[in-house]
Amino acid sequence: MVSSLLQYGRAFLVLLRLILFGLTLVITVISFQAYQERKSERLQFAFIGFAFISMGVAVSNIVSQMFTTDPAPGARVFFNITQTVPFIIGFAMLYLSLYR
């Protein structure tokens, strides 16, 4: 009973992560279309920011699926850094798009 409930919970979590990734892709496409229409530097920075945030969500989803068991500490740190860098770049680009 508990194991089947856990399997349903994991399946639901995968579904939620796919929805999150889909939403980030939609926002990225919309920002790209806005940039193509107006060609402003602010919209370019926004598009790049959303693209990196989408990449961060994708990497986070992949990494969370990889670690069903405890990895070596060095591997965990490496993949945590790999998850964080796209978000830092993405939010920095969004900041530039708002305040530049």
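Reader: How do the axes of H1 and H2 cross, and within what distance do they come?
Author: In this predicted model, the axes of H1 and H2 come within 8 Å and cross at roughly 165°. That makes H1 roughly antiparallel to H2, a label for angles over 145 degrees, while those under 35 count as roughly parallel, 65 to 115 as roughly perpendicular and the rest as oblique. Axes here are lines fitted to C-alpha atoms, for helices over the stretch in contact, and the angles run from 0 to 180 degrees between N-to-C directions. Helices are DSSP runs of H or I with at least four residues, strands are runs of E with at least two, and both are numbered from the N terminus.

Reader: Why give both an angle and a distance?
Author: Two packed helices are described by the angle between their axes and the distance between the axes.

Reader: What about the handedness of the H1 and H2 crossing, left or right?
Author: The crossing of H1 and H2 is left-handed, which is the word used if the near helix is turned anticlockwise from the far one by less than a right angle, with right-handed kept for clockwise.

Reader: Which classes of residue make up the contact of H1 with H2?
Author: The contact of H1 with H2 has 15 nonpolar, 8 polar and 2 charged residues. In this scheme Ala, Val, Leu, Ile, Met, Phe, Trp, Tyr, Cys and Pro are nonpolar, Asp, Glu, Lys and Arg are charged, and the others, Gly among them, are polar.

Reader: And how do H2 and H3 cross?
Author: Helix H2 (residues 41-66) and helix H3 (residues 73-99) have axes that come within 7 Å and cross at roughly 160°. That makes H2 roughly antiparallel to H3, and H2 passes H3 in a left-handed crossing. The contact of H2 with H3 is made of 21 nonpolar, 7 polar and 1 charged residues.

Reader: Before we go on, how were the residues numbered, and what was counted?
Author: Residues are numbered from 1 along each chain as its sequence is written. Because the model is predicted, local features need pLDDT of at least 70 and side-chain atom pairs count only at pLDDT 80 or more, whereas totals for chains, interfaces and linings use all residues, and side-chain values use heavy atoms, with hydrogens and water left out.

Reader: New topic: how many aromatic pairs are there?
Author: The count comes to 3 aromatic pairs, where rings of Phe, Tyr and Trp (its six-membered ring) pair if their centres lie within 6.5 Å, and planes under 30 degrees apart count as stacked, over 60 as edge-to-face and the rest as tilted. The rings of Phe32 and Phe47 have centres 5.0 Å apart and planes at 50°, so this pair is tilted. Phe32 lies in helix H1 (residues 2-38) and Phe47 in helix H2, so the pair ties together parts that are 15 residues apart in sequence.

Reader: Are Phe32 and Phe47 buried, exposed or partly exposed?
Author: Phe32 counts as partly exposed at 34% relative accessibility, and Phe47 counts as partly exposed at 22%. The rule is that buried means under 20% relative accessible area, exposed over 50% and partly exposed in between, with a 1.4 Å probe and protein chains only.

Reader: Where is Lys39, and what is its phi near?
Author: Lys39 is found in the loop between H1 and H2, and its phi is near 55°, a positive value in a residue other than glycine. Most residues other than glycine have a negative phi. Lys39 is exposed, with a relative accessible area of 52%.

Reader: Is Ser31 buried or exposed?
Author: Ser31, in helix H1, counts as buried at 8% relative accessibility. The C-alpha atoms of Ser31 and Leu43 are separated by 6.9 Å, although these residues are 12 residues apart along the chain.

Reader: Last one: what pattern does the whole chain follow?
Author: The protein chain has 3 helices and 0 strands and follows the pattern α-α-α along the sequence. Its radius of gyration, taken over C-alpha atoms, is 17 Å, well over the 13 Å that the globule rule gives for 100 residues, so the chain is more spread out than a compact globule. That rule is 2.2 Å times the number of residues to the power 0.38. The C-alpha trace spans about 55 × 30 × 15 Å along its principal axes, and 23% of the 100 residues count as buried.
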